[in-house]
Amino acid sequence: KHGYVKVSALGHSLGGGVVTRYAELNPNELDKLILSAPLHSVNGLLGADNSDYLSKAIISIGDFFSHKEYSIGSRTFNHFVTTYDNESNTLNDYTTSQSRFFMKKYIGQEFPDTSLGGLTWGFADAIYEGVKDIRRDAGNIKRPTLIFQAQYDSYVHSSGQNTVCDA
């Protein structure tokens, strides 16, 4: 399409889910996929999303009342006053990497429109629905795929990666 002979795709976490979905919908576009802890299933309140009806119910109720509001426990990340707390990670619970924290803080200060804050009900709902589509259509992937699983991941459940590999 763009004149490239071979294109490989690399994706981590949510990016891995995006790359997987792209490969499913465009089976002849990519040469190979490299996925690092791809989001094929979400860690919910009671385990993986494919059996966690409580998390999905809570997300659906929240989404019904306000698609753009932050979900329970989410808060905004103030790029000007939030500090890196190496000991308890209470103010930067999305990463323990000091360099990643300061990079996000810099990008948020320079380009404030790129930061939305915490998890919204609508985004959580879209993720739960998207990972179902990924697992359902995994058989469409016809290219070599290398998947790295994270042993201790707070957001990604490995059962979805197993489902994609088995397809």
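Guide: A residue is called buried when its relative accessible area is under 20%, exposed when it is over 50%, and partly exposed in between, using a 1.4 Å probe and protein chains only. Helices (H or I, at least four residues) and strands (E, at least two) are DSSP runs numbered from the N terminus. The model is predicted, so to speak of local features requires pLDDT of at least 70, side-chain atom pairs count only at pLDDT 80 or more, and totals for chains, interfaces and linings use all residues. Residues are numbered from 1 along each chain as its sequence is written, and side-chain values use heavy atoms, with hydrogens and water left out.

Visitor: Which elements does the protein have, and in what order do they run from the N terminus?

Guide: There are 5 helices and 5 strands, in the order β-α-β-β-β-α-α-α-β-α. Of the 167 residues, 34% are buried.

Visitor: Which strands make up the open sheet, and in what order?

Guide: Two strands pair if DSSP finds at least two bridges between them. Here 3 strands form an open sheet in the order β1-β2-β5, with parallel pairing. Because β1 and β5 (145–148) are at the edges with a single partner strand each, one side of each has no neighbour in the sheet. From one strand to the next, the twist averages 10 degrees; axes are lines fitted to C-alpha atoms (for helices, over the stretch in contact), and angles between N-to-C directions run from 0 to 180 degrees.

Visitor: How many bridges join β1 to β2, and how many join β2 to β5?

Guide: β1 and β2 (residues 32–36) are joined by 5 bridges, and Ser-8 is opposite Lys-32 in β2. Between β2 and β5 there are 4 bridges, with Leu-35 opposite Ile-147 in β5.

Visitor: What hand does the unit of β1, α1 and β2 have?

Guide: Look with the strands pointing away from you: a crossover is right-handed if the path from the first strand over the helix to the second runs clockwise. The β-α-β unit of β1, α1 (residues 14–25) and β2 is right-handed. Helix α1 lies across both strands, at about 145 degrees to β1.

Visitor: Which residues of α3 are buried?

Guide: Start with the length, where the expected span is 1.5 Å times one less than the number of residues. The 13 residues of α3 (residues 98–110) should span 18 Å, which agrees with the 18 Å between its end C-alpha atoms. Phe-101, Lys-105 and Gly-108 are the buried residues of α3. They cover an arc of only 65 degrees around the axis, so they are on the same side of α3; the arc is that of the directions from the helix axis to the C-beta atoms. Ser-99 and Met-103, on the other side, are exposed.

Visitor: Is Asp-49 buried or exposed, and what does Asp-49 contact?

Guide: Contact means heavy atoms within 4.5 Å. Asp-49 is in the loop between β4 (47–48) and α2 (53–65) and counts as buried at 8% relative accessibility. Beyond four places in sequence, its contacts are Ser-41, Val-42, Tyr-128, Val-131 and Arg-135. Val-131 is 82 residues from Asp-49 along the chain, with 8.7 Å between their C-alpha atoms.
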